[in-house]
Amino acid sequence: MITERVAQMRAQWERLSLRERRMLTLLGGLFIALVVFGVGWVIADGLSTIDTRNRDMRQALKDMANHREEFLRAKAEGDRWKLKIPEEGKGQPLQGFLEAAAKELDITIPEMNERPAQARGKLFQERSVELKLRGLNLQQLAEFMKKIETTSQYVVVVSRLFVRTRFNQHDTLDVEMSVSTFERGSPEKPKTPGKPPRGEKT
């Protein structure tokens with residue numbers, strides 16, 4: 001079968017004129033050249049992509065080596081901040097901390113209220129205390145705020161501050177502030193009571 005097919009093709013070729021044979025030969029050569037060029041272009045493009053990827057990887061490794069010390073410092077700083085934000089239930093008892101700080105500065109806290117914990121993202125919760133101070137001067141307020149934010153082993157910040165001067169004593173301040181600390185772990189949301197089965201009374 002194949003031999004017959006080859007014989008037919010040979011007969012058809014021999015029936016062609018010299019000009020037609022040259023044209024077919026030229027078209028065949030062009031087709032082969034295009035195939036070779038296309039395959040070569042695909043291979044060259046693939047090699048170029050691989051070379052670019054390898055060059056980027058080498059640069060990334062070089063950058064990692066050059067910035068290793070910065071990375072280690074950043075990691076150590078992150079670990080230090082992690083220690084300053086304790087696990088849930090192990091944080092700074094704010095009311096006792098604030099009372100001790102005020103006592104050292106001879107400041108009286110006439111009113112102090114703890115607020116419910118608030119979720120801050122999925123990993124943290126904020127615990128805060130609202131307090132009122134009466135009859136402070138500016139230096140006392142500054143020293144009290146500095147002591148709050150710098151003497152605890154954990155993160156403690158003044159998250160809200162409202163200062164009012166007295167009408168006839170402009171150097172005397174009445175202060176309202178919120179002081180917050182943070183813990184790892186979000187507070188549990190209150191469970192919504194489910195509906196009782198049909199026929200049962202609540």
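1. In helix H4, which spans residues 94-104, the buried residues are Leu94, Phe97, Leu98, Ala101 and Ala102. Viewed down the axis of H4, these buried residues fall within an arc of 130°, so they line one face of the helix. The model is a predicted one.

2. On the other side of H4, Lys103 and Glu104 are exposed, and the helix is followed by Asp106, whose phi is positive, near 60°.

3. The buried residues of H4 pack against several elements, namely strand E1 (111-114), strand E3 (124-136), helix H5 (138-150), strand E4 (156-165) and strand E5 (173-184).

4. Strand E5 pairs with E3 in the antiparallel sense over eleven bridges, and Ser128 stands opposite Ser180 in E5. E5 also runs antiparallel to E4, to which nine bridges join it, and here Phe162 stands opposite Glu176 in E5. Nine of the twelve residues of E5 are buried, so this strand is largely enclosed by the rest of the structure.

5. A separate point concerns the surface, where Phe31, Ile32, Val35, Val36, Val39, Ile43, Leu47 and Ile50 form a nonpolar patch with about 780 Å² of accessible area together. One of these residues, Leu47, is found in helix H2 (residues 18-66), and Leu47 has a relative accessible area of 55%, so it counts as exposed, the cut-off for that term being over 50%.

How values were computed
Residues numbered from 1 in each chain as written. Predicted model: local features only at pLDDT ≥ 70, side-chain atom pairs only at ≥ 80, totals over all residues. Heavy atoms only, no water. Buried < 20%, exposed > 50% of the residue type's maximum accessible area, 1.4 Å probe, protein only. Helix = DSSP H or I, 4+ residues; strand = E, 2+ residues; numbered from the N terminus. Arc of directions from axis to C-beta. Contact = heavy atoms within 4.5 Å. Patch = residues over 30% accessible without salt bridge, like charges linked within 9 Å, V, L, I, M, F, W, Y side chains within 5 Å. Areas by Shrake-Rupley, 256 points an atom, 1.4 Å probe, with all protein chains shown as cover. Salt bridge = Lys/Arg side-chain N within 4 Å of Asp/Glu carboxyl O. Pairing = 2+ DSSP bridges.
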